[in-house]
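Here is a short note for a reader opening this structure for the first time. Please keep the model in view while going through the points.

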Amino acid sequence: MTRSRVGLLLLGAVPLAFLVVFFGWPLGALFARAVASNDGTGLFGLWRRAGAGPLLTFTLAQAAASTVLTLLVAAPITWLVARVRFTGSRLLMVAVTLPFVLPSVVVGMAFRAVFTGPLSFLPAGLGGALDDAGPALVPVLCAHVFLNTAVVVRVVGAAWSGLDPRVAQAAQLAGATPARAFATVTLPRLFPAIAAAAALVFLFCTTSYGVIMVLGGGQLRTVETAIYAEGVANFRLPEAAALSVLQIAVVALTLVVARLLSRRAVADKPGDELPPRPRGWTRVAMALTIAWTAVWLVFPLAVLVLWSVRPAGPGSWTLAGYRALGHEVNGITPLSSWVLSLGTATVAAILAFLIGLNVAVVVTRLRGPARAAGELITTIPLGVSAVTLGFGYTLALTHWPPRLATSWIVIAVVQALVVMPIVIRVAIPALEQVPAGLTRAARSLGAGPLRVFATVELPVVSRSLGAAAGFAFILSLGEFGATSFLVRPSTTTLPVMIGTALSLPGEANFATAMACSVVLVVATAIAVAVVEAVRPNAGSLL
C-alpha cells in the first residue's frame, strides 16, 4: 500500500469515527429503546398504541400536497433564473434562498401573521388551525411552499440552464410553437431534475416540525410532532422511539428515490451563448414573475416585520417587543440567547466544514466500489430527521455526566451533524471541477498530496467552500428541530426561545417572540446576501 493510500485511509478514518461516535451512538440508543419495551409490546404494538397509521397517512398526504403546490409556485421563478439574463439576478436569488435557510419557527410566525394577525386581510377561516374554526391546512401548505421554493429553483434551474437552447430553437424552426417546443423538447429533458426536486421537497415536508408546531394549533399532528409529544410532553419514551424508527424508514426511502432520480438528471452540453436579455413579451413575463416571487417569498416577511411593531393593528405603533430583548423569558434574556446562538452556530459551522471537507477530499479520491461506498456513507446523516436525532441524543445523554449532557457543546455537535451534508454536497462537485491538468503538473514537479491540495485545489475552490461554510453557519443558527430536545434554561438558543415565548401567556411574551423572529430574519438575510456574493455561480445548493 502506497503512502498516499495510507494517508487517504487515515484521512477517511476521522469522519468515520465522528459519525460512529456522535451519530451512531444516539441512534443505537433510540433503536434499543424501541425494541426493548418494558411490557413486551414490540415495535408493531408500539406503533399501534401511538396511532402511527393515521399519523403517517396525514404526514405523507400533507407532504404530497405541499410538493405539488411548491412545483407550481416555483415554475415561473425557475424559468426566470435559468433562461433570462437580467440585472438583479443575484438579489432575486437572495430572496429565493432566504426562506429555505430561515428557522422553521420563524416561518411559522410569519404565516401566523399573514393568516391570523391583526393586519391580515384574509378570511378568518383560512387560518382555522390558529383560531376556533378548527384545523386548516392552508397556512401549513403555504409555509411549506415558502420554505421549499428554493429547492425547486436551484435543482431544476441548474439543470435547465445546462440544456442547449438550440435544440428547442430547432423545433420552433420546424414549425412548433414555443409552448409545443417546451412541452415536447424541453420538459422531457427536465423531468429527471423535476422529479429529483419533488422528492427532496417531499422529504423536507415529511420532516417538517417547527411549521406544524406553530401553525398546527396542537390539532395538526405529524410523525415529527408526535415524536416530541410522546417523548417530551407525555414521557412515553418507547412510543416516541418507535415513531422515530418509522420516521427513519420513511426518510431513508424518500432519500433513496431522490438520489436515484438525481443521477438520471443529465444535462446536455450547453451552447456557448449566455441566456438572452429580456425583450418584448419576455419583459412582461419577467415583471409578472418578479411580482409573483414578491407575493410568495417577500410579502410574508414584510407582514411579520410590520406585525412586530403594530401588534394590535393600525394605529398601535410600538417597539415594546424590541425593548424587551433584554428582559428575561423563562430565566434567560433574548440577548443572551442570541449570543449563545452565535457561539454554537460558529462552532457547529467550523466542525461541519472541517469534517465535511475531509469527507469530500476522501470521496473525490476514491474510484469504483470504494467511491460508491463513500457516497453512501455521506448520505447517512440525511436519512435521519433533526427531530429523530435530537430525541436519540435525549436517550443517549441519560448515561452522560450531567455537566457534559447539559453543555452547549452537545448542541453544537448536533447542529454540525444536521448541516454537514450541505457542506459535503457543495464541496464534492467543487473539488471535481478542479482541472486535472493542474494537479498532475504540480505532482510532476514534486509536490506532495498535501501541498497540491493547499496550493492548487484550495485556491480554485475557495469561493465554493466559503459559500458552504456560510450556509453551514446560517442553518446552524436557525436549527430548531434537534436543538429543542437538548436545550436547558442556560443553553436556550434564539429559535427555541421564540417557541418558548409563544407557549407562555401574556402579550409581552408574544411581542418578544415577534421581535426575536425579526432579528433572526435580518441576520439571516445579511448572511445569505454575503454567501450569494461570494458564490462562483447560482448552481444548485442541494
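1. Two residues are in contact when heavy atoms lie within 4.5 Å. Helices are DSSP runs of H or I with at least four residues, numbered from the N terminus. On that basis, P334, S337, W338 and S341 of α14 meet L494, P495 and M497 of α22. Five of the residues in this contact are nonpolar, two are polar and none is charged.

2. This is a predicted model: local features need pLDDT of at least 70, side-chain atom pairs count only at pLDDT 80 or more, and totals for chains, interfaces and linings use all residues. Residues are numbered from 1 along each chain as its sequence is written, and side-chain values use heavy atoms, with hydrogens and water left out.

3. The largest nonpolar core has 162 residues. Such a core is a set of buried Ala, Val, Leu, Ile, Met, Phe, Trp, Tyr and Cys residues joined through side-chain atoms within 4.5 Å. Buried means under 20% relative accessible area (1.4 Å probe, protein chains only). F111, F391 and Y393 have the most contacts inside this core. Helix α18 gives the largest share, 16 residues.

4. Which residues does F111 touch, leaving out those up to four places away in sequence? They are P139, C142, A143, F146, L215 and P300. Another core lies apart from the largest one; its five residues include A168, A171, A181 and V185.

5. Look next at S407, in the loop between α17 (402–405) and α18 (408–432). S407 is buried, because its relative accessible area is 15%.

Terms used: Helices (H or I, at least four residues) and strands (E, at least two) are DSSP runs, numbered from the N terminus. Ala, Val, Leu, Ile, Met, Phe, Trp, Tyr, Cys and Pro count as nonpolar, Asp, Glu, Lys and Arg as charged, and the others, Gly among them, as polar. Buried means under 20% relative accessible area, exposed over 50%, partly exposed in between (1.4 Å probe, protein chains only).
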